[in-house]
Amino acid sequence: MKRKRANMNVGAAILFVLFCLLFFILTYRFFVIQLTGQVDGRVLAEKAEEKYVKNRIIDASRGPILDRSGNPLAIDTTTYKLAAILDPSVSKNSSRPLHVVDPKKTAAELAKYIPMSEEDIYRRLTKDAFQVEFGTAGKNLTYETKKKIESLHLPGIIFLREKNRTYPNGVFASHVIGYAAYAKNEEDGTERLTGQMGLEKSLDKYLSGTPGKIQYKSDVWGFVLPGSEKNVIPPSQGARVYLTLDKKIQSFLEDALTQVDEEYNPTKMIGIVADAKTGAILAMSQRPSFDPNTREGIEENWHNIAVEEQYEPGSTMKVFTLAAAVEEGVFNPNETFRSGQYRAQGGVIRDHNGTGWGEITFLEAVQRSSNVGFAYLLEKIGTETFRKYLDKFRFGVPTGIELPNEASGTIQYKWPLDKVSTAFGQATSVTAIQLVQAMTAITNDGKMMKPYIIDRIVDASGKTIRKNGPQQVGQPVSAATAKKVLDILETVVTSEKGTGQRFNIEGYQVAGKTGTAQIYKSGEGYMSGWDNYRFSFLGTAPKDDPRLIVYVMIQQPDLNEQEFEQGSVPVSKVFNQVMKNSLQYLNIKPENQAQEKERTTAVPDVTGETVSRAESLIRESLLEPVVIGDGNTVKAVYPEAGERLLEKEKVIVVADGKLVMPDLTNWSKRDCVKLMQAAGLKFSMEGEGYVVRQSVKPGTPVDPSAEIKLKFQDPENVFVPGDEGGNEDPGGP
């Protein structure tokens, strides 16, 4: 019995010691944690913060891409993604359910608003998951759709806000603008809108902006704790990019390309419109193209053909051979040669009709696009001299236009046959944008201008961080040569012998050159067949003062061989429509209109309108408004509404308030009489001609009872500062 009790005492002592040791360890551990705030080398506060303090990235709005007038070409829009919370635990501490409680009813209601069947929605709502989404059917929902679904008050249905990139014009300079899509960011693992192609990609650093961040405390499910503080670092928005593209001219080009694409089904088409003086690209497009909103059609061609693809240009290259010959003084338009064929070292050069036209002049060689004629011209220029002109026109070198993956072209000039072929557009390859750049030398008095498509980039604060403008990149020929080349190229369009007769636009002088280039297939040589060519035209108008350069290339259109339809037909359908519409849009009047007598226009009825509205309506009628009165409402106009005046004649707008004296300098007596009758003023007029002095200063109130003295002088004796050749009075101080 004593032994048993002794054993029990020993056991109790051991247990006591173990409990004491355990208590000591726990107490020690507790104090260590309290003092250091760490467990296994990790700070407990950090661990708690990881669990309850959440960080969320705030996406920066991507900067818009705009045309030169500020019209949007690419913008950010807000859409919504549908999701459903299925876990009942989120509703434990809530007075109302926060999860889906009736999957069948919820599925039936949602099926009315998203493109997904009721059965598929129900299957998703009955999954064993905390939260589900609805794939593409539940994405890109508009604000209106979101509000309609919210009005149903379906428990557990939530919306996640998203930013999307929208291209409001659809297929519109698509390979220039490119597109942006969500992609994973390597730095923080989040998905952001990122440029994938075109300017969206090359200007991504400007457009993307800097994301912000929001920090908040949440419960175990990630919901924001009521009353908790939020730390917000706002995002920095992306910059606005203004292009040189003109939405209207781009639309002309897109429409024309679409019509020809549907009618002739070519394998490729390029269209470029450029400012003939500055090199600014006003329009650029191609076929095949794609819709950047849906990416439909992008699989057919990822490349911007005008910039990234080099090819043998055909006879459009003769423009620059001709320019070299004129500059070197070796082009005699009346000199003759025997057309048909030319024997070069390594082969025979033939004219495109196979037989030529007998003995013809070099002017006719340009008009008929004679390969043989340009082979003889190369002899006169000299092959080494011509090679220097290729460099002067910057062939074989990228233009530097702000578009990705620009090709350089290849000057194939090693063998004698290649040298001759280059003179008329074969062997050597170029890009479409190089042809446009070289053409600016012809349209701009010999000064060659770098093509550019970005006008300026403006950051979120309104500061211009990048600005482009006209940049001369050479002067391959003189102004006299450029003018002479334009005169010759006009005959390509106007002459009965010219290959460019289809490009004649009534009322406008068009100068340009057609091109028909063979297509080389690697390993097979040049293709044969009625329509296996690249047909093109490089032209400008008006010839005497070029404003636009338009280049069109169409490859392998389906021509009507039975009717001997020429490749210039589809090309002219694009060129003529784009050039004529663009010139009219730029208010460049046809010559026959410009030479017409001055036209009359009716005075609009603006009584009762605001002054600003009245001025706008009068200017739209091609008249000049002159406002007297410092009020904001029009009381009367003189002459009266409906009376016809010559364009640009003055219309006196009488506003309410005090009468204010306008500046009458250079007014005619007729206009002064209008003012006198409209405002009931008294004028004393001295001399003849136009007003040179008035007794009441402009901008000051007028007393209707006072007499205003006006001095007139004949315009032949009036000196206008800054005018050359004016009769300045030598007797001044």
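**Close-up views of cavities, a pocket and a helix pair**

**View 1. The largest cavity has a volume of about 40 Å³.** This is a predicted model, in which local features need pLDDT of at least 70 and side-chain atom pairs count only at pLDDT 80 or more, whereas totals for chains, interfaces and linings use all residues. Residues are numbered from 1 along each chain as its sequence is written, and side-chain values use heavy atoms, with hydrogens and water left out. A cavity is a set of points, on a 1 Å grid over the protein atoms alone, where a 1.4 Å probe fits but cannot get out, and lining residues have an atom within 4 Å of a point; a volume is the space filled by probe spheres set on the points, which are joined across faces, edges and corners. The largest cavity is lined by A173, S174, H175, V176, M284, S285, Q286, S289 and N304, and the elements that contribute two or more residues to this lining are α6 (174-177) and β14 (281-287). By class, the lining holds three nonpolar, six polar and no charged residues, where Ala, Val, Leu, Ile, Met, Phe, Trp, Tyr, Cys and Pro count as nonpolar, Asp, Glu, Lys and Arg as charged, and the others, Gly among them, as polar.

**View 2. The second largest pocket holds about 1000 Å³ of space.** Unlike a cavity, a pocket is an open set of points with protein on both sides within 12 Å along at least five of seven lines. Of the 37 residues that line the second largest pocket, H352, G515, T516, Y533 and F535 are the closest to its centre. At least two lining residues come from each of β17 (347-350), α15 (416-423), β23 (511-518), β26 (533-541) and α18 (568-585), and β23 gives the most, with four residues. Helices (H or I, at least four residues) and strands (E, at least two) are DSSP runs numbered from the N terminus. The lining of this pocket divides into twelve nonpolar, 19 polar and six charged residues.

**View 3. Helix α11 (residues 318-327) and helix α16 (residues 432-443) have axes that come within 10 Å and cross at roughly 35°.** Axes are lines fitted to C-alpha atoms, for helices over the stretch in contact, and angles run from 0 to 180 degrees between N-to-C directions. The contact (heavy atoms within 4.5 Å) is made by V319, F320 and A323 of α11 and by L435, A438, M439 and I442 of α16. These contact residues divide into seven nonpolar, no polar and no charged.
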